[in-house]
Structure formats: structure tokens, C-alpha cells
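Here are some exercises to work through with the model open beside you. Try each one yourself, then check it against the worked solution.

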Amino acid sequence: MTESVVEEQAKIHSPPFSQALVQELLSAYGSPLYVYQGDRLRQTLYRIARSIDYPQVQFHFASVTNGNIALLQLIQQAGWGLHANTPGDVFLGLKAGFTCDRIVYTGSNLSRVDIQQLLDWNINRFNFDSLSQLQDFGDCSRTQARSLCPEIGLRLNSPELTGDSRIGVRPAEFDKANAIAQQHGFKITGLHFYRGTGTNATSAFIEAIDRVIAIAQQLPDWRSFDFGGGFGYPYRGGAAFDWREFGAAITQKLTARSHPIELVIEPGRAAIAGCGVLLAKVVSVKWQGDRQIVGVDTTVANLSVPAVHGGYRAIATWENESSLGDGRRSRYQTDICGNTTYSRDYLGRNCWLPSLKIGDAIAILDSGAYGYAMSSHFLHRPRPAEVLIEANGHRLIRQREDYSILLNGQIF
């Protein structure tokens with residue numbers, strides 16, 4: 001374990017709201033519970049949007065990170081569009097009020113049934129990751145009774161920029177892609193670039209701009225630059241992605257072009273991770289020497305896989321000031337364990353927390369992205385409810401499941 005990881009785990013994290021409010025929430029809605037702060041989400045959306053002064057910029061929320069319709073409505077009301085990775089993303093976006101012209105679809109390995117469904121929903125802006133998908137799209141679009149004028153882009157696969165990725169079209173295939181497009185009566189006007197999942201290094205994005213622009217110019221009809229997502233979130237603290245630095249750099253590069261280029265930015269976790277918290281209650285406490293083993297009433301099935309957040313989440317507790325003592329000496333190395341016998345059911349390891357007791361609440365911070373979205377019925381526990389906190393109070397935005405959900409679709 002590195003020194004920086006140890007230091008982060010030893011930090012004292014402040015709860016996001018008062019003890020009185022957490023007790024009110026758990027009393028009203030039960031535990032465990034996903035809680036989202038609407039004002040914080042709006043502030044983050046505003047801060048990101050204000051960071052790029054380029055006049056032809058659009059922001060589209062990557063709904064793969066969180067598909068709750070109440071939250072998507074807040075994002076739509078903030079003037080953002082939607083970035084979809086699956087037909088399900090589009091379905092939720094339309095239900096939340098996004099119009100089809102405000103949805104960008106970037107998918108992989110679609111069946112023709114999927115493509116036809118997207119066309120039936122009148123989605124007309126796509127980024128494709130293979131020549132065969134482009135061909136399938138062209139074939140499906142021919143069957144449409146209406147006149148289709150799609151905006152077509154290619155997802156870039158360039159090993160020196162995107163690494164060893166299965167997704168995307170390589171520049172050597174651009175001529176074939178253009179031929180397919182012409183065969184079906186449309187043009188390839190966009191290039192989609194995805195730097196990588198959860199990258200906080202601002203320089204990694206900035207250093208790629210010139211090279212991606214140079215590749216985009218190999219497309220004769222290029223007029224749209226989708227610089228994708230992959231923007232990280234500082235789960236461990238430390239340096240966060242610098243939106244203003246990135247915004248200044250990409251604005252300067254695109255403004256220097258001889259003709260206007262539309263810019264599309266697709267934040268996901270960077271926009272929503274920090275507004276969400278997973279609340280849980282302590283149901284068991286035991287000690288193994290000086291180590292505190294705390295059992296809670298939730299499980300890793302309600303958090304994203306470690307590959308998404310690096311295996312670390314900040315955890316906060318509520319306590320009386322009189323219990324703090326001199327700080328570090330009143331805290332103990334603690335493992336937070338889920339309510340199963342799965343050997344890897346840890347929600348936090350080596351955290352420095354006060355002595356806890358049954359009934360205490362904990363907050364797993366930064367759970368707004370890939371929390372509920374990646375939750376599952378693994379370990380056969382129903383999923384928690386979701387609640388939205390607004391200035392005028394709080395409200396339920398997704399009901400808690402009960403055990404009957406485990407029978408859905410089963411035949412016996």
C-alpha cells in the first residue's frame with residue numbers, strides 16, 4: 001500500500017449533511033439509501049459549462065453513470081443534452097424530457113433491431129465504432145419511410161491516443177467508411193475521441209488535442225469534434241481535472257481553425273459523482289485486536305466495481321464533538337463490511353473511524369456515478385431507494401425494492 005493511499009484512508013471526512021437530517025432521511029425512507037443533493041448537482045453542471053468559452057460547444061451528460069429520471073430532468077433543465085451508450089440510455093432520456101435532437105448516440109455492437117429502434121425514436125446523431133456497424137446503419141436507414149439526414153461520426157481508435165482498445169475505427173479505415181457513407185447517401189461529419197476512463201490528468205487531454213485534430217482533418221466533411229468523456233473524479237482527493245485549463249486550451253485550438261467546428265463534451269462521473277451518497281446503518285461491530293470490523297446493512301452489489309473507482313471510497317460518520325478526544329487516538333483502523341459472507345464484500349478497508357455502535361449511520365461518499373447504475377441483485381438482496389434533497393426538502397425518486405423483485409421473470 002502506497003504512502004498516499006495510507007494518508008487518504010487516515011483522513012477524517014466530513015458528512016455531507018447534518019446528523020438530524022440523516023436521521024430524518026433514514027426514518028422516512030429506510031436504510032440503505034442513496035441520497036442525491038440537487039443543488040450540488042446544479043452547481044457542478046454550471047461550473048463545468050462555464051469553464052469552456054468556445055461559442056460552438058454543447059454539453060451532453062453521459063447517462064451511463066446514472067439513469068434516474070428525476071436527476072436526468074435536473075440535467076435537462078440545466079440546458080444540457082444527453083450522451084447515450086445503449087438504447088436504454090435513450091429510452092430513459094426521452095422519458096426525462098430530452099428531445100431527440102439533443103441526444104448523441106455512441107454505441108458498440110448494436111444489433112439491427114437496436115439500430116432500428118434508435119431510428120424509430122428519431123435519433124439522428126451517431127458515432128459508430130466499426131465499418132460493419134456503419135454498413136448496418138446505412139441498410140436500416142434505407143427502410144425508413146421518412147427522409148433521414150443523420151449526423152454521422154466515427155469513434156476514433158488510434159493506439160497512441162486511445163491505447164489498446166477494442167472500440168473504434170482506425171484512420172486507415174476512413175476511406176472505406178466514407179465510401180460506405182456515400183453509398184447510403186450521407187456524409188461522415190464528426191470524429192469522437194475518448195481519452196480513457198476516469199482520467200484526472202488534465203495534461204493527458206490537452207496534449208491529445210492537436211493530434212486528434214490532425215486525424216479529424218482526414219475526414220473531408222469534418223465539422224463536429226466530440227471530445228468525449230472519460231473525465232475523472234478525485235475519489236482519493238488530490239488533484240482534480242482542471243476544467244478551466246482544458247477549456248482554455250481546446251478553445252484556443254478550435255478558434256484557430258479556418259471554419260467553425262462544433263464541439264461536444266460528454267461529462268458523466270465528473271458531473272454527478274460528488275452529489276451522491278450511499279447511507280447505511282451499522283448492524284454489527286466486532287474487534288480483531290485493534291482493528292474494528294463494522295458490519296452494515298448494505299453490500300458491494302450497491303456500489304460500482306473497483307475498476308470504476310480504484311477500490312476506494314471516502315466514508316464519513318456522525319459523532320458528538322465530545323467523543324473526538326485528540327482526533328487520531330480516538331480513531332481506529334476499520335473495515336466496513338457488507339451483510340453477506342462473500343469474502344470480498346468490503347465497502348471500505350483500513351479506514352480510520354471512531355468506535356462505532358449498532359444503529360450508527362455511515363455515509364459512503366461520492367456515490368452519484370455508477371452507484372445505483374451498477375447495482376445488481378448479486379447476493380440476492382433488493383436494491384435501495386433513492387432520494388433527492390432540494391432546498392425545500394427531500395423526496396423519494398425511486399422506490400425501495402422488496403424480495404418480490406427476485407421473482408421477476410421467473411417461471412416455476
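**Exercise 1.** What covers the buried residues of α5?

*Solution.* First, some ground rules. This is a predicted model, so local features need pLDDT of at least 70 and side-chain atom pairs count only at pLDDT 80 or more, while totals for chains, interfaces and linings use all residues. Residues are numbered from 1 along each chain as its sequence is written, and side-chain values use heavy atoms, with hydrogens and water left out.

Step 1: find the helix. Helices (H or I, at least four residues) and strands (E, at least two) are DSSP runs, numbered from the N terminus; α5 spans residues 87-96.

Step 2: pick its buried residues. Buried means under 20% relative accessible area, exposed means over 50%, and partly exposed is in between (1.4 Å probe, protein chains only). In α5 the buried residues include P87, D89, V90, G93 and A96.

Step 3: look at what lies over them. The cover includes α4 (69-77), β3 (81-84), β4 (103-106) and α6 (112-120).

Step 4: check what comes after the helix. α5 is followed by G97, with a positive phi near 110°.

**Exercise 2.** Which residues does S63 touch, not counting residues up to four places away in sequence?

*Solution.* Start with its place: S63 is in the loop between β2 (57-62) and α4. Its relative accessible area is 4%, so S63 is buried. Now list the contacts (heavy atoms within 4.5 Å): S63 touches L72, L82, H83 and D89. D89 is also one of the buried residues of α5.

**Exercise 3.** Where on α9 do the buried residues sit, and which exposed residues are on the face turned away from its buried side?

*Solution.* Step 1: α9 covers residues 174-183, and its buried residues are F174, A177, N178, I180 and A181.

Step 1: these residues cover an arc of only 160° around the axis, which puts them on the same side of α9. The arc is that of the directions from the helix axis to the C-beta atoms.

Step 2: turn to the other face, where you'll find the exposed residues D175, K176 and Q182.

Step 3: the cover over the buried residues of α9 includes α7 (131-142), β6 (151-155), β7 (188-192) and α10. Just after α9, G185 takes a positive phi of about 85°.

**Exercise 4.** Why is the pair of F205 and F231 called stacked?

*Solution.* Step 1: set the rule. Rings of Phe, Tyr and Trp (its six-membered ring) pair if their centres lie within 6.5 Å; planes under 30 degrees apart count as stacked, over 60 as edge-to-face and the rest as tilted. By this rule there are 26 aromatic pairs.

Step 1: apply it. The ring centres of F205 and F231 are 4.8 Å apart and their planes are at 20°, so the pair is stacked.

Step 2: F205 is in helix α10 (residues 202-216) and F231 is in the loop between β8 (224-226) and α11 (243-255), so to speak distant parts of the chain, 26 residues apart. Both F205 and F231 are buried.

Step 3: follow F231 onward. F231 and W243 form a tilted pair, 4.6 Å centre to centre with 45° between the planes. W243 is buried too, with a relative accessible area of 5%.

Step 4: widen the view. Ring pairs link F193, F205, W222, F225, F227, F231, F241, W243 and F246 into a cluster.

**Exercise 5.** Which residues have the most contacts inside the largest nonpolar core?

*Solution.* A nonpolar core is a set of buried Ala, Val, Leu, Ile, Met, Phe, Trp, Tyr and Cys residues joined through side-chain atoms within 4.5 Å. The largest has 93 residues, and L191, F225, F227 and F246 have the most contacts inside it. α10 gives the most to this core, with seven residues. Apart from it lies another core of 19 residues, among them A316, A361, L365 and I389.

**Exercise 6.** How many disulfides does the structure hold?

*Solution.* Look for cysteine sulfur atoms within 2.5 Å of each other. The count is zero. Take C351: its sulfur is 9.9 Å from the closest cysteine sulfur, in C337, too far for a bond. C351 is buried, at 5% relative accessible area.
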